[in-house]
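Dear colleague,

I am passing on a structure for you to look through, and my notes follow it. Please keep the structure open beside the notes as you read.

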Amino acid sequence: MAFRQVLQLAACGLAGGSAAVLFSAVAVGKPRAGGDAEPRAAEPPAWAGGARPGPGVWDPNWDRREPLSMINLRKRNVESGEEELASRLDHYKAKATRHIFLIRHSQYHVDGSLEKDRTLTPLGREQAELTGLRLASLGLKFNRIVHSSMTRAVETTDIIGRHLPGVCKVSTDLLREGAPIEPDPPVSHWKPEAVQYYEDGARIEAAFRNYIHRADAKQEEDSYEIFICHANVIRYIVCRALQFPPEGWLRLSLNNGSITHLVIRPNGRVALRALGDTGFMPPDKITRS
C-alpha cells in the first residue's frame, strides 16, 4: 500500500481524556495540491453528545490504540519510507486477547443508613460462594481481580477470592456505583439529580477508558481479568464496549453475583460472550436486588 493511502486511513478520532472536558481530534481530509493532508475537526461520538454514526458503523479506534493513531506520520524518514512505517506500526500492534469478566456484587442490605452498613445478606454470601466456585471451575489462570471500594463489592470480592487463591486484588473508587448517563427511555422510579449524572458519569466513563481496551503491545499472552462492581457500571461498560447507544444501559438487567464476559481481540474487535449469567445458581438463590 502506498504511503499516501496509509496516511489517508489514519483518521485518528478522539484523544483520550475525561468525559467532562471538551473533545477534540484531527482527522485526515482531502489532500491539497502540495500533497499534505488538510486537517479537519472530527465529530464527537454519540455518548459525548454529538451526532450518532449511522447503523453498522464501527469505530476501529474506539480505545485510541489503533497502531496508526499512535505514531506521528509526519515525522517519517522519507528515505526509509514504507518499510520504516511497517516496522513502527508493528511495534504498536496488540498480540494478545483480553478476557474481561464483569461480576455484579451479591445481594446486600439495601436499608443500611450508611454505605458501610450495606453489607451482604446471608443469601448474598451464598451467591458469592457460588460465583467463586463457577469462576474457579473454568480452569483459567486469572491475572487479577479489580473491585469497587464499596462495602458490598469488597465483601463479594473477599468470598470469591477464597476460591481463586494467589490472584491479586486491587480496589478502586472508579468502579463505585453511580448514575452513568440519563437513560433513554426515561424511568419514573429513579431520577437522580442532574449533577449526579455529571459527576458519576465522568467517573464511570473514566473507569471504562482505564480498564476496557485492547491489550498492550507488550502483552504476549492472553489475559483473564475479573472486575467486581455494580449493575449500573457493568451495563454502561457493555454498551460502550459494543458501541451501542450508552443511553440504553437501563434496558439491560443483571442478577446479583452474575457473570458478564467481554472479549477484546488484538485488532480491537469486541464480543460479548455472556451477559448477566447466573445459570450456575439454583433458581431459589437468584435475585436482582
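**The second largest pocket**

Twenty residues line the second largest pocket, and those nearest its centre are Arg104, Glu177, Trp190, Asn232 and Arg235. Please bear in mind from the start that this is a predicted model. The space in this second largest pocket comes to about 540 Å³.

**Salt bridges**

As background, side chains of opposite charge can pair when their charged atoms come close. How many salt bridges does the count come to? The count comes to eleven, and I describe some of these below.

Glutamate 205 counts as buried because its relative accessibility is 1%, under the 20% cut-off, whereas arginine 209, at 24%, counts as partly exposed.

Glutamate 205 also meets the side chain of arginine 240 in a salt bridge, here with an N to O distance of 2.8 Å. This second pair links distant parts of the chain, with arginine 240 in helix H6 (residues 231-241) and glutamate 205 in helix H5, 35 residues apart. Are the residues of this pair buried or exposed? Both arginine 240 and glutamate 205 are buried.

A further salt bridge is formed by arginine 144 and glutamate 225, whose closest N and O atoms are 3.0 Å apart. Here too the pair links distant parts of the chain, since arginine 144 belongs to strand S4 (residues 144-148) and glutamate 225 to strand S6 (residues 223-229), 81 residues apart. Arginine 144 is partly exposed, with a relative accessible area of 26%, while glutamate 225, at 7% relative accessibility, counts as buried. Elsewhere, Asp63, Glu66 and Arg214 are linked in a network of salt bridges.

**Serine 223 beside glutamate 225**

Serine 223 is also found in strand S6, and its side chain is joined to that of glutamate 225 by a polar contact of 3.3 Å. Why does serine 223 count as buried? The reason is that its relative accessibility is 4%, and buried means under 20%. If residues up to four places away in sequence are not counted, serine 223 touches Thr97, Arg98, His99 and Asn143.

**Arginine 118 in its loop**

Where is arginine 118 placed? It lies in the loop between strand S3 (98-104) and helix H3 (122-137), and at 26% relative accessibility it counts as partly exposed. The side chain of arginine 118 reaches the backbone oxygen of glycine 112 at 3.0 Å. Leaving aside neighbours within four places in sequence, arginine 118 is in contact with several residues, including Tyr108, His109, Val110, Thr151 and Arg152. Finally, the C-alpha atoms of arginine 118 and methionine 150 are separated by 8.9 Å, and these two residues are 32 residues apart along the chain.

Key:
Residues are numbered from 1 along each chain as its sequence is written. This is a predicted model: local features need pLDDT of at least 70, side-chain atom pairs count only at pLDDT 80 or more; totals for chains, interfaces and linings use all residues. Side-chain values use heavy atoms; hydrogens and water are left out. A salt bridge is a side-chain nitrogen of Lys or Arg within 4 Å of a carboxyl oxygen of Asp or Glu. Helices (H or I, at least four residues) and strands (E, at least two) are DSSP runs, numbered from the N terminus. Buried means under 20% relative accessible area, exposed over 50%, partly exposed in between (1.4 Å probe, protein chains only). Contact means heavy atoms within 4.5 Å. A polar contact is a pair of N or O atoms within 3.5 Å; within protein, one must be able to donate a hydrogen and the other to accept it, and residues adjacent in sequence count only if both atoms are side-chain atoms. On a 1 Å grid over the protein atoms alone, a cavity is a set of points where a 1.4 Å probe fits but cannot get out, and a pocket is an open set with protein on both sides within 12 Å along at least five of seven lines; lining residues have an atom within 4 Å of a point. Grid points are joined across faces, edges and corners, and a volume is the space filled by probe spheres set on the points.
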